[in-house]
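Have the structure up beside you as you read along.

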Amino acid sequence: MKTLNEIASYLSVINQPKFNVNPEIKGIQVNSQKVTESDLFVCISGYTVDGHDFVDQAIKNGAVAIIAEKELNRNDVPVLYVKDTKQTLSLIANYFYDFPSNQLHLIGVTGTNGKTSVTYLLDEIFRCNEESTAVIGTIQMKIGDQVYPIANTTPEPSYLQHSFRKMVEQNIDHCMMEVSSHALELGRVNGCDFDIAVYTNLSQDHLDFHETMDDYLAAKLRLFSHLGNRYQLEQPKFAIINQDDQYANDFINATSQRVITYGIDQEADFTARNIQLTANGTQFTLDTGEQQIDITTPLIGKFNIYNMLAAIATAYISGVSLATIRLALSQSNGVPGRFETVKGDHDFSVIVDFAHTPDSLGNVLTTIRTFATQKIYLVVGCGGDRDRTKRPLMAKVGEDHADYLILTSDNPRTEDPLTIISDMEAGLTGKEYTVEVDRKKAIEYAINLAKSGDVVLIAGKGHETTQTIGKETLPFNDYLVAQEAILNKLQ
Ligand SMILES: CC(=O)N[C@H]1[C@@H](OP(=O)(O)OP(=O)(O)OC[C@H]2O[C@@H](n3ccc(=O)[nH]c3=O)[C@H](O)[C@@H]2O)O[C@H](CO)[C@@H](O)[C@@H]1O[C@H](C)C(=O)N[C@@H](C)C(=O)N[C@H](CCC(=O)O)C(=O)O
Ligand SMILES: Nc1ncnc2c1ncn2[C@@H]1O[C@H](COP(=O)(O)OP(=O)(O)OP(=O)(O)O)[C@@H](O)[C@H]1O
Ligand SMILES: N[C@H](CCC[C@H](N)C(=O)O)C(=O)O
Ligand SMILES: [Mg+2]
């Protein structure tokens, strides 16, 4: 706990009026609805609403002090005025929780695709090595065996730093964290002391938020250019980089820390050779330059070899033996909603996958094509209030690699679902397809079309358990909808 005056002194606020109270602060909140007794409320001017408009609610819920960047004209509660509350938030959250990331072994993973997958693989490897772990990312936040819900892939600073503090208190050995480009751009990870930064790949996504691919790249590079810059280095920091990726050298050149590379096609520190991909798993020889060992795993697809190499390099330099890494990968459970096969007594395959970018959809479809003996049906949509320019590209990738497309909705949010679908249709060049705006009906339609040996890929939502239509978020689970449709078909 800290007092308001301590926080004000840390921020070196100039011309700060003397408050006649100096409350003890128990927590920091940016959302008035989550404020509890003795919290400090930080007003953020957001993209949709303005936190300065929620001060009354924050005080009603127990806020004892406010940080603002706009005049609030009130004297019932001490207000600390700063130039930029967003920037201030990461500073004070770090200070308030006593810089917890300095005491953690923190691994940040960035890239367009594969972040969740790499963090989950690392979790399996470290646990196999009998170490305690925490994971922060798209699916959830996990500290040891305790799971917490998460609103963003990379949370806002007060929740993030508070969570780091819990991890320190619980003696967590390694924290694996997805670092989104939004987080890097919006300063959510400012002041985080990453020990290892991992880069997976970069391809089109989020061009609603970043103006150009160059801006998107620049955001991702920040994880590497900031690596180890803020602190006196006692431990070396490492950048782990996919050498096969077209932007590899940008990432290598961005960091002043030690670089470890991985790859399949290019020379790298960790490489995979003698690759055998099957419908049931993957085998390859891992070459570290000094040692070669055979890896056998139930994970499917070449893209997963990249994820494994990233995880292997990270775990190895963190002190895990190759024997343990091999054991962990041989018994991997994969990641929920990533290339997840729907179980049942049917004689066709149904796969649920989180592919929601042109690149990931292409990877998953080409992987399926290597095993498919019959037709591939693709159920796919694109998110509303998100990058519109990826919509025709995703439809085109679907058309190029699947036999039949069912275009549907994937979290249309505040957009008209049919407009999103027509943006997708603009990318199609002639193959027959169907539009079914209701995702449940689209999945049922595809499953009813499937004959023996066919594959149905349901793309875009993976592990998600909701569908957002307008402002309403309704329960929806691709896996469960598919399972029910299969049962109905078999009856
Ligand atoms: C563009 C973006 O990133 N927006 C994030 C941002 O919202 P914002 O600044 O617009 O906030 P706002 O909703 O306008 O509200 C302003 C302030 O008022 C507060 N408020 C609001 C309502 C209320 O009743 N009381 C209250 O105090 C809010 O808590 C906030 O502090 O800050 C919010 C709180 O921290 C985030 O939840 C929100 O993420 C939104 C939901 C989002 O969709 N973000 C996506 C684009 C995103 O960040 N995605 C990346 C992953 C992408 C990937 O890897 O594929 C991620 O890291 O999740
Ligand atoms: N290394 C990879 N390269 C390309 N595609 C991948 C890779 N790993 C996974 N994918 C595909 O991308 C999808 C998303 O994977 P994952 O959830 O690991 O990525 P992510 O980077 O965490 O995504 P998000 O930005 O939404 O959090 C998977 O369902 C799969 O289709
Ligand atoms: N992290 C990604 C997830 C997209 C998942 C897809 N189902 C969608 O809603 O577009 C995003 O927020 O853009
Ligand atoms: Mg993710």
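I started with Asn411, which is buried because 24 other C-beta atoms lie within 10 Å. For that call I used backbone-placed C-beta atoms: 20 or more others within 10 Å is buried, 12 or fewer is exposed, and in between is partly exposed. Asn411 also has a positive phi of about 50 degrees, although it is not a glycine. I found it in the loop between β21 (404-407) and α13 (417-425). Helices here are DSSP runs of H or I with at least four residues, strands are runs of E with at least two, and both are numbered from the N terminus.

A note on provenance: this is a predicted model, where local features need pLDDT of at least 70 and side-chain atom pairs count only at pLDDT 80 or more, while totals for chains, interfaces and linings use all residues. Residues are numbered from 1 along each chain as its sequence is written, and chains are lettered from A and ligands numbered from 1 in the order in which they are written.

Then I checked Phe99, another residue other than glycine with a positive phi, near 50 degrees. Phe99 sits in the loop between α3 (85-96) and β7 (106-110). Buried or partly exposed? Phe99 counts as partly exposed, because it has 18 C-beta neighbours inside 10 Å.
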